[in-house]
Each structure stands twice: as C-alpha cells, then as structure tokens.
Amino acid sequence: MNVSSPLHIVGRLLDSSADMTPYRPVRADAQPAAQRFSGRLFDVNPDTGFFPAQPLGKLRGEFKLWEAALENAKGVLKLGEDRGEEATAKLAAGELWRQQLRNWPLLDAARLGDKLRVLRRAHFVLTCLLHYYVHSLPPSPTEGPIVIPRPLSIPLLQVSQKINMPPILTFADIVLWNWEPINPEQPLSLSNIRFLTLFSGTEAERNFYALSVAAELRGAEMLQIFERFMNLPCPAERSAIAGVARDLERLVTVVNELSDILQGARQTIDPHTFYWVVRPWWNGSDPTAPWVFEGASPNASFELGGASAGQSSVMHALDIFLDVDHALKETRQPLPSAENRRADTSFMEKMRRYMPAEHRAYLAQLRKRSVRDMVLRMPSLREPYNAAVEALKRFRDGHIRIGTLYIISQARSTPPASMGGPCAFQENTDRSRGTGGNPVSTLLKAGRDATQRTVLRGE
C-alpha cells in the first residue's frame, strides 16, 4: 500500500469532510510559496497542534458491530503468551470472541462514507480489533503466517487505503484518536481526558498515553513558532531577525519542558509492566509469523511495523525545522561513527509512513523554508539556533536513558509472576527492539549524534 503524502490526497480527504472540520483543504494545484502557510490546512490546530481538539464519534448503524466487539474485547482477552491464572481463566471466552469475529458478516466499508473523522474512527476501531485478535492468539508450536479473517481484513484494508495509512495500529490510533472528554462541558485538558482502549488495562499503559498527550499539547507552541517563520515576508529585515531570535530562545524553553515530560515517565510508568504487559500489544507483524490479510491481492505489501512513539509528528516537525540530518546526507562534524552508520538512516522516513496523510503533508511543506540557511546568513542567530539544537540534543540524551530503562534493561528480565514468570513468552534473543521492530540503542544514539552534528561550528 502506498502511504506517501501527496498534496492532492490531503485535499481529497479534507474536502470530503468539510462539514466536520474547522480547516479548509489544500488544493492539488495550489502554489504553496504564494499562499500563507497555515497548520489548519494540514489538520493542525493552533492550540492543540497535531492532537485533535475534538474526539472522534463512535461508528453508527451496522458498524456498531465493530464498536461492540472492541468494547467486549477489553474484558475477555489477554496476551496469548500470558500464562497467569487470569489469562488461563479467560482462554475459552477469548476463543469465543475470536470465533465470533471470524463469523461476522462482511461489511462494506464504502458505506462509511467519505467523512475523514468517521474513517479515522473506523481505522482506530479496526486496528484495535486487529491487535486484540493477533496478540491474544495462543502461541503456535510451529512458525507460520497469522491469517487475518476476511470480515476484519477487507474493511480494514478499504479504510486504510481511503485515508492513506497502513492497515495497522499507529501512534495516531493509540494517542491522537483514543480518547473522549470526561466532562464534555469542560475545555480540553490532560485532566479532562479518558482513554478509550487500554489493551493491558494497566495504569502503566494509561500513563504512557497521558505522557504522550502531554508532549503533543506542549509541542503545539513549537508549531506556532514554525508557522511564524514560514510566513516571514522579508527574512532579511531587522525585525524579522529579532523575531526569529526570540522564537529560537522560546524553543529552548519548550524543548526543555518536553524533556521534563519524558523523564516524568519514571514516576508514573513501571518499566517492568510496560515492557512485558503493555508494549507487546502494539507489536506489528513478525517475519517468523507474518500477518496475512485474507482477501488481499497476492502481490500486496503493507507497512506493518506497529505503533511507536517515533511516529509522533511533533518531534519530526522539530527535526525538520532545525534541519537535523538523520539520513546522513550532509557532511557535518564530527563524522558519523561506525555505530551511527550501522543504524537505519531511513528510520525517521519510515516512521512518517505511519502518520496521518495530512500530517505528512505538513512536514513536507515545512521543509520548503530553512531556518538553518537563514542562520548561516545572519551570524546573530547562530547562538540562539545552537541553543535550540543543544536543547534537542539533551532531550535525546534523556531519551537514551529512558530507552535503556524501559526496553534494553527489561529485555534481560523475566515476565512478571502474574503472567507465569519465565514460562510466559517464547525465547527471543532480540527483545531489545522497539515496537516498530527497530534496535533501540543503536537508533537512539544515532538520533542523538545526528542532533549534535547539527550545531553550527566555527565563526
């Protein structure tokens, strides 16, 4: 499935949902350089950023079948490799749930219509059902493909194609679209959000989503800074240079606060629970047991990496704005280490394939004006620019510590006793990878080092 982000897709999606959204579509023939850059054109809210200001409504009519199955899954399904007493007691109910799903009528996703918010809700519901189905299956004694039943696979593929996203759980599903207000009469805030689907039912999972939302909301101010820069009429004017300097200084404050949010995970998310009980639900297809979508074209291929915080658009936007070269296309100092070169230099680009199409289009537009080029021409901007880069480098230093605590260290531990201890989970020699299937330590260090190389040196 092609998950690129051409501008015409954004226009088509937003145009068909104009009655549901506060922004206008980008026309395929629009001339970006001649029109004002506005996040609203790309489903970016000026106050909440990439996080939607309103929750998605539930599916109606015949599609209530999917909604009901998702609600029922929460009470009867546990991880297939869970050997604990509670999981054992639910085995029969879990198999009944999966059998009922296999016997569903095949609903035509075309009858969902073209409204973007409805299609996003369908993607959220169907991908949650997909991960509940796959990850609740008892382990097979022999390796082989996992077949996704037609009543689930066909509508999921239809919906995913329509909104130009992979047919798998993404960060957008578990964070951006996985909530409702506790009190609809009160404004959106972290304290007024209830998360809808908690695969594990744990506070660790709930708090991971809350931390992610906190970062998205705090990052909204960065997007305001980027928009001001993109709309500078005359960057060489003294007032423009002073404004960019102030915004770069403000960016340092925001990135430092994002670092504080990230490190707050230590107080609210138990590493052992997160590693063994929460994150397996987000995993994507495994080469030893690939997911096969029943009814799909034999030649079809899909992005099936699974949900990852690396798919958050807000940090990608910051990287693009500061011109961090993760792909190692530029010659910068110090030169990449041997370990840096072993990392997947296309990782960030791969993560963008899992973002909503509108957000990918936003990132593409953001590339069209470079603050780094402006800094190179205006020596007075070098210090505030470097300070912003250094703040991002500190964020990534902290990210390495979090990755070590929550994944690398836990990969050497045994599952909790409540899951059957060492008897749970098949032996796996490569558990120190992220949910997107990527080696955590190498990637995080490569990202930190690429950020360090972004600092402008010399006179």
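Visitor: Is E86 buried, partly exposed or exposed?
Guide: E86 is partly exposed, at a relative accessible area of 45%. Buried means under 20% relative accessible area, exposed over 50%, and partly exposed in between (1.4 Å probe, protein chains only). Keep in mind that this is a predicted model: local features need pLDDT of at least 70, side-chain atom pairs count only at pLDDT 80 or more, and totals for chains, interfaces and linings use all residues. Residues are numbered from 1 along each chain as its sequence is written, and side-chain values use heavy atoms, leaving out hydrogens and water.

Visitor: What does the side chain of E86 meet in a salt bridge?
Guide: That's K78, at 3.7 Å from N to O. A salt bridge here is a side-chain nitrogen of Lys or Arg within 4 Å of a carboxyl oxygen of Asp or Glu. K78 is partly exposed too, at 22% relative accessibility.

Visitor: How many salt bridges are there in the whole structure?
Guide: The search finds 24. Among them, K393 pairs with D397 at 3.0 Å, N to O, and K393 and D397 are both buried. R218, E221, R250 and E257 are linked in a network of salt bridges.

Visitor: New topic: how many disulfides?
Guide: Zero, with a disulfide being a pair of cysteine sulfur atoms within 2.5 Å. As for cysteines, C128 is buried at 1% relative accessible area, while C234 is partly exposed at 35%.

Visitor: And F226, which residues is it in contact with?
Guide: Leaving aside neighbours within four places in sequence, F226 contacts L251, A317, L318, F321, Y362 and L366 (contact means heavy atoms within 4.5 Å).
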